[in-house]
Amino acid sequence: MTDYLSKEGITRGDRVDIQLYYELQNLYYEEAALLDEGRYVDWLQHFDEDLYYWAPTRTNRTRRQQALAIAGPEDTAFYDETKDSLAWRIRRFDSGMAWAEDPPSRTRHLITNLIARHATLADQDVIEVRTNFLVWRTRLERERDMFAGTRTDLLRTTDQGWKIFDRRILLDINVLPSKNISTFF
C-alpha cells in the first residue's frame, strides 16, 4: 500500500479472506450511498470517536523531489478533521447557514479497487483498507466538479461493527477546480 497515506507504526499482514472482503466492500458501498443521499449524520456513524480525517494538499515536483510533493500533517490540508469537527460541518449543512451547499450539491461517489489487509498498530489488530474514488458533483445549473483520488483507512471492530478511526485522502489534484470543497470523501 502507499506509504504517504499510511499511519506511522503500522505493520501490515496478509490480505483479508473473501468473506471479510465482501463485508468491507458492502460497508464502503453503503457509505457511498449515504453520502449521495445526503444522509451525513448516518454516514458519520461509520467513524469511531477518535477519528482522524485528513486530506493533504499536493504540489508539482520533479521526480527527485517526489517525497516533498505531498504536504505533511503540520502543513496545509484540504481536510484536517476529527469526528467532532465533521459533526459540526454536518450540523452547519442542516442549519441552512452553509451557503456553499444551499441549494445542496448532488454527488455520485464511485468506490473501486478495494484492497484490505490485516494490520497491527500499537499492539492492536486493525484492518487497513485502501480504495480509489471518483466523486462527481453538480450544483446549480452549471457547476460541475469531478474529484479522483485514493483513501487509506484503518478500521477496528467495535460493539457496533466496523468503525473507521483513521482516514487519509489523497486527491489527484493540486489546485482545486471548484469554488469550494464541501464534499466528503
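Lysine 83 is in contact with Leu44, Gln45, Phe47, Asp48, Glu49 and Leu51, leaving aside its neighbours within four places in sequence. In this predicted model, lysine 83 is found in helix α3, which covers residues 83–95. Is lysine 83 buried or exposed? Its relative accessible area is 7%. Buried means under 20%, so lysine 83 counts as buried.

One of those contacts, Phe47, leads on to the aromatic residues. Phe47 belongs to an aromatic cluster with Tyr40, Trp43, Tyr53, Tyr79, Phe93, Phe133, Phe147, Phe184 and Phe185. The structure holds 13 aromatic pairs. Take tyrosine 53 and tyrosine 79. Their ring centres are 5.6 Å apart and their planes stand at 90°. Planes over 60 degrees apart count as edge-to-face, so this pair is edge-to-face. The two tyrosines link distant parts of the chain. Tyrosine 53 sits in strand β2 (residues 47–56) and tyrosine 79 in strand β3 (residues 77–81), 26 residues apart. Both tyrosine 53 and tyrosine 79 are buried.

Phenylalanine 133 and phenylalanine 185 form another aromatic pair. Here the centres are 5.2 Å apart, with 35° between the planes, and the pair is tilted. Which parts of the chain does this pair tie together? Phenylalanine 133 lies in strand β5 (residues 124–139), while phenylalanine 185 lies in the segment after β7 (161–171). The pair therefore ties together parts that are 52 residues apart in sequence. Phenylalanine 133 has a relative accessible area of 5%, so it is buried. Phenylalanine 185 is buried too, at 1% relative accessibility.

Strand β5 also holds tryptophan 136. Its relative accessible area is 38%. Buried residues fall under 20% and exposed ones over 50%, so tryptophan 136 is partly exposed.

Leaving aside neighbours within four places in sequence, serine 105 is in contact with Arg137, Thr138 and Arg139. Serine 105 lies in the loop between α3 and β4 (106–121). Its relative accessible area is 13%, so serine 105 is buried. What separates the C-alpha atoms of serine 105 and leucine 140? The separation is 7.8 Å, although these residues are 35 residues apart along the chain.

Now turn to charge. Side chains of opposite charge can pair when their charged atoms come close. A search of the whole structure finds 15 salt bridges. One of them joins glutamate 31 to arginine 151, with the closest N and O atoms 3.9 Å apart. This pair links distant parts of the chain. Glutamate 31 is in helix α1 and arginine 151 in strand β6 (residues 143–158), 120 residues apart. Both residues are buried.

Helix α1 covers residues 18–36. Glutamate 31 has a relative accessible area of 1%, so it counts as buried. Which residues is glutamate 31 in contact with, leaving aside its neighbours within four places in sequence? They are Trp43, His46, Phe47, Arg151, Ile164 and Arg167. Of these, Trp43 and Phe47 belong to the aromatic cluster.

Arginine 168 forms a salt bridge with aspartate 166, the closest N and O atoms being 2.7 Å apart. Arginine 168 is buried, with a relative accessible area of 9%. Aspartate 166 counts as buried at 2% relative accessibility. Elsewhere, salt bridges that share partners join Glu31, Arg151, Asp153 and Arg167 into one network.

Arginine 58 and aspartate 172 form a salt bridge as well. Their closest N and O atoms are 3.7 Å apart. Arginine 58 lies in the loop between β2 and β3, and aspartate 172 in the segment after β7. The pair therefore ties together parts that are 114 residues apart in sequence. Aspartate 172 is at 52% relative accessibility, so it counts as exposed.

The charged end of arginine 156 sits over the ring of phenylalanine 165, 3.9 Å from the ring centre.

Key:
Residues numbered from 1 in each chain as written. Predicted model: local features only at pLDDT ≥ 70, side-chain atom pairs only at ≥ 80, totals over all residues. Heavy atoms only, no water. Phe/Tyr/Trp six-rings, centres within 6.5 Å; stacked < 30°, edge-to-face > 60°. Helix = DSSP H or I, 4+ residues; strand = E, 2+ residues; numbered from the N terminus. Buried < 20%, exposed > 50% of the residue type's maximum accessible area, 1.4 Å probe, protein only. Lys NZ or Arg CZ within 6 Å of the ring centre and 35° of its normal. Contact = heavy atoms within 4.5 Å. Salt bridge = Lys/Arg side-chain N within 4 Å of Asp/Glu carboxyl O.
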